[in-house]
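Here is a short report on one protein chain.

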Amino acid sequence: MTKRILLTLIISMSIFNLFGQGKKDKNKSEFKFSDSEDKAVFTCNHVTDEKSPILYVTHDNDGDWQFLCGQNDHAEENAKIISLKNAVELDNTLNELFEMPLGVGAERKGMGEKWNPFRL
Ligand SMILES: [Zn+2]
């Protein structure tokens, strides 16, 4: 009797593990940046709260990344800090910019559009 319950428990756990594993693989996103995944990067509340697309990216001379919505009027209270991994999870196409050198920015007209680089 006890043996049977134990067996059922083991089987249930295996199924749970399989399910969990599959789910994890499915959600695993591509990450091409050479910076670490937990690097703090700047974004704005339009991206984090209002789900605006990231259309304006800069790679500052000090190594900081900024992933902004592209609106001109940003004040200090609009600034948000997330991890680089978070940013890539928000928009996987940011991986296209992984080789962008320091002192360069890029902007685009919409998600999936071509990035146009510019000097900072
Ligand atoms: Zn913004």
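## Fold, sheet and core

Buried residues make up 13% of the 120 residues in this protein. The model is a predicted one. Three helices and six strands form its secondary structure. Along the sequence they run in the pattern α-β-α-β-β-β-α-β-β. Among contacts with a separation of 6 or more, 60% join residues 24 or more positions apart.

The six strands form an open sheet in the order 4-1-3-2-5-6, with mixed pairing. Its edges are strand 4 (79-83) and strand 6 (116-119), and each of these pairs on one side only. From one strand to the next, the twist averages 25°. One pairing can be followed in detail. Strand 2 and strand 5 pair in the antiparallel sense, over four bridges. Y56 stands opposite E107 of strand 5.

| Strand 1 | residues 40-44 |

**The core.** Which residues have the most contacts inside the largest nonpolar core? They are I54, F67, A87 and L94, in a core of 13 residues. Strand 3 gives the most, with three residues. As background, nonpolar side chains tend to be buried together in soluble globular proteins.

Leaving aside neighbours within four places in sequence, F67 is in contact with V41, T43, V47, I54, V57, A87 and L94. Three of the names in that list, I54, A87 and L94, are also among the core residues with the most contacts.

Is N61 buried or exposed? N61 is exposed, because 11 other C-beta atoms lie within 10 Å, and a residue counts as exposed at 12 or fewer. N61 still has contacts with residues elsewhere in the chain. Not counting residues up to four places away in sequence, N61 touches L102 and G103. The C-alpha atoms of N61 and V104 are separated by 8.2 Å, although these residues are 43 apart along the chain.

Key. Residues are numbered from 1 along each chain as its sequence is written. This is a predicted model: local features need pLDDT of at least 70, side-chain atom pairs count only at pLDDT 80 or more; totals for chains, interfaces and linings use all residues. A nonpolar core is a set of buried Ala, Val, Leu, Ile, Met, Phe, Trp, Tyr and Cys residues joined through C-beta atoms within 7 Å. A residue is buried if 20 or more other C-beta atoms lie within 10 Å of its own, exposed if 12 or fewer, and partly exposed in between; C-beta atoms are placed from the backbone. Helices (H or I, at least four residues) and strands (E, at least two) are DSSP runs, numbered from the N terminus. Two residues are in contact if their C-beta atoms, placed from the backbone, lie within 7 Å. Two strands pair if DSSP finds at least two bridges between them. Axes are lines fitted to C-alpha atoms, for helices over the stretch in contact, and angles run from 0 to 180 degrees between N-to-C directions.
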